[in-house]
Amino acid sequence: MFKRESKSFPSQGLLLLLILGLAQGQSKVQEEDSLQPKFEWPSFGWMRNKTTKVTPASSTSNLDLKNDYSQMELANFGDFDRHPCRRVCQQGQSQNCYYQLVVHNYQRLGPECQKCQYDERACAAEHCIFGDGVATPVMAVNRLVPGPPIELCENDTVVVDVLNYLSEPTSMHWHGVHMMRTPEMDGAPFVTQYPLQPGEVQRYEFQVDRSGTLWYHSHVGWQRGFGVAGALIVRQTRQENQHAQLYDYDLVEHTLLIQDIFYENNLQDARNILINGKGRNHLSQLPDNDNRHRYERLRVTPGYRYRMRVILNGIANCPVEFSIEQHKLLIVSADGNDIEPVLADGFFLTSAERFDFVLEANQYAKNYWIRVRGYEQCEGRNLYQGAVLSYRGSTRTELPQGSILDSRKGRSQEQDQNQNEDLVLVNDFRFKPGNASVAYSHRQSLDNKDNSVGTVALRSKEPVPWSRYTKFLTHYSSFGSRTAQNGETLFQIDDISYNSPGISLLQGRHLYQDDGYFCNKSSLAREGRNCDRELCECVHVIRIPAYRPVEMVVANYMENTHPFHIHGFTFRLVGQGVLGNLNDLRNIRELDRRGRLSRLADDYAAVAKDTVQIPGLGYIIVRFLSSNPGFWLYHCHVEAHAVQGMVAVLKIGEDHQMKRIPARVRC
């Protein structure tokens, strides 16, 4: 009895002390948490904060893949520097490559940034995103912005588990991959898949049947602008690489992802441009070459040639100009497609475009500025950015002399134009019409000289996949905008603003009648709607037959350039010009019938791209074979324009011609 009493009494006392201790501990934790800086994530219009249970991903044969994420910790994820698929590509040695991407809320200059604020070498160990030194919320991939680059060989099979640790739905688009056999892996929400809900895991599995500089990014709302994007580099064997003899090294650390960023949640206001997530702070009055700025550094050895890759993750309408101080650039690829090399002083990019170039390290061994200058929406704040090309033999920590844009500073516009007369620039977006009713020349500079190379003048290394006298099915389309009754500016394709459907078009295509669910300009006209004069909003789907040679003529009713992108295809650019007159653009079909729109010859090896700029008050003409049946997004790649309606869907072929996918509705 005594022993039982002695045991009973202390156990009750210990229980009471334990409860009191836990309560005090929780209050201390709450107090400590309250002292940490926190960002309140806003609830945007695209959010569906519906949490569901984690669904185990499907098993994949011949791969030892992790399916249990119950004990998953973010600390286990990072970059892929030691991934087995990061290798020299060999003939007949394709691999199965497995990756995990954790998408989560994070911060620039968050609480994990302790030593990093004062010592750049400490940033990686602390998983600190310094950025430009302004504390602001981001969405990271594996604690990185931009996300970790993925390196593959052509014909590898990729398996990626994307874990959504956000408080909103997400998806992942593999930009430039055609998804010929796996359309459900394209990552377009409510078009090829249902969005990945918070707490869920989705497995993307597809074969990479092409090479080049590709990239991955979220396709939901503004997540790409918050940082959910990264490089996807697909290489060939040396025997298949048509440019292999032009360079000595192709290193992933020479891949540059450029992005214009916003601060806090002011999504429409570009505040800076970063290169691989780094760059000078434009809120600071410090000179460009002050060591307190953090710049990306590219290391080269004198006498060697390097292949470098540049990707523009453009969020606002901010085309950029890229150049390297005292160096020529031998441009060899556009959007991951080989071209006949062009030696240039620089090039322009609009959102989602990519260029590869070869740089010969043939200058004096010191450090040089890599220059990026923003235009359009970035011009108002005079946004520009730099990185450092650092020769071995120079002081690693030293910055180049002078300002990043030193050659232009203090010059008048006329002086600047005269200085640039002899420069060769590729893909210049600043088109001007030579005559209001005559299309701009395919190869012409701003001052009517031939020293600049337009996009349409680039020549592919591969011939076009059609014969000289092929008859194309021509579809006319347009990019424009309209002001709603509430004053909101809506962006449009074919005078229609896109409303996202409630079910995924690919998975649910057997569950509805097209005519009752979709719309396009023809169907609305049959209903008596005139979208030229009234606001039209709907699930905008354009039907195109499968396995046909297709030509799209797309007019831009606006004065600013727009990056045109379609999923599932690489097209050939056969025409690009400026009319400069809105009436002509609205009658572009008649102008084309009268032969007023210039085209390249049918058998000319036109440049292959997946994204191309439509000049302000101008047009493009692209051609492709509709050999990939499915539902494919067609949109402007400026984030604000896509979110506000400049989207449509190309339905290629009939339902029975598409891959059989189980019908699915998600409530």
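User: What makes residues 1-70 a part of the model to treat with caution?

Analyst: This is a predicted model, and pLDDT stays under 50 over residues 1-70. The model has 75 contacts beyond four places in sequence for that stretch. Where pLDDT is low, the predicted coordinates should not be read in detail. Another such stretch is residues 434-449, where pLDDT also stays under 50 and the model has 45 contacts beyond four places in sequence.

User: What is the mean pLDDT of the protein, and what share of its residues reach 70 or more?

Analyst: The mean pLDDT is 86, and 83% of the residues reach 70 or more.

User: Why is Asp-495 called buried?

Analyst: A residue counts as buried when its relative accessible area is under 20%. Asp-495 has a relative accessible area of 4%, and it is therefore buried. Its place is in the loop between strand S22 (489-493) and strand S23 (497-498). Leaving aside residues up to four places away in sequence, Asp-495 touches Ser-478, Arg-482, Lys-521, Cys-531, Asp-532, Cys-536, Tyr-557 and Arg-586. Asp-495 and Met-646 are 151 residues apart in sequence, yet 9.4 Å apart in space, C-alpha to C-alpha.

User: Why is Glu-264 described as partly exposed?

Analyst: The term applies between the cut-offs of 20% and 50%. With a relative accessible area of 38%, Glu-264 falls in that range and is therefore partly exposed. Glu-264 lies in the loop between S9 (249-261) and strand S10 (272-275). From Glu-264 to Val-134 the separation is 130 residues in sequence and 9.6 Å in space, C-alpha to C-alpha.

User: Which form does the peptide bond from Val-145 to Pro-146 take, and what is its omega?

Analyst: That bond is cis, with omega near -5°. Pro-146 lies in the loop between strand S2 (136-141) and strand S3 (150-153). Both Val-145 and Pro-146 also belong to the lining of the largest cavity.

User: What makes that space a cavity rather than a pocket?

Analyst: A 1.4 Å probe fits in a cavity but cannot get out, whereas a pocket is open. About 60 Å³ of space lies in the largest cavity, and the structure holds six cavities of 30 Å³ or more. Along with Val-145 and Pro-146, the lining is made by Arg-108, Leu-257, Gln-259, Ile-261, Leu-274 and Gly-277. S9 gives the most to this lining, with three residues. By class, the lining has five nonpolar, two polar and one charged residues.

User: What is the volume of the largest pocket, and which residues are closest to its centre?

Analyst: The largest pocket has a volume of about 1700 Å³. Of the 49 residues lining it, Glu-120, Ala-124, Asn-276, Lys-278 and Glu-296 are the closest to its centre. S9 gives the most to this lining as well, with seven residues. The lining divides into 20 nonpolar, 14 polar and 15 charged residues.

User: Which strand supplies the largest share of the lining of the second largest pocket?

Analyst: The largest share, five residues, comes from S9. This pocket has a volume of about 1300 Å³ and is lined by 50 residues, of which Glu-154, Ser-211, Gly-212, Gln-236 and Gly-336 lie nearest its centre. Its lining has 16 nonpolar, 16 polar and 18 charged residues.

Note on methods. Residues numbered from 1 in each chain as written. Predicted model: local features only at pLDDT ≥ 70, side-chain atom pairs only at ≥ 80, totals over all residues. Heavy atoms only, no water. 1 Å grid on protein atoms, 1.4 Å probe; cavity = no way out; pocket = protein on both sides within 12 Å on 5 of 7 lines; lining within 4 Å. Points joined across faces, edges and corners; volume = space filled by probe spheres on them. Helix = DSSP H or I, 4+ residues; strand = E, 2+ residues; numbered from the N terminus. Nonpolar A, V, L, I, M, F, W, Y, C, P; charged D, E, K, R; others polar. pLDDT = per-residue confidence, 0-100. Contact = heavy atoms within 4.5 Å. Buried < 20%, exposed > 50% of the residue type's maximum accessible area, 1.4 Å probe, protein only.
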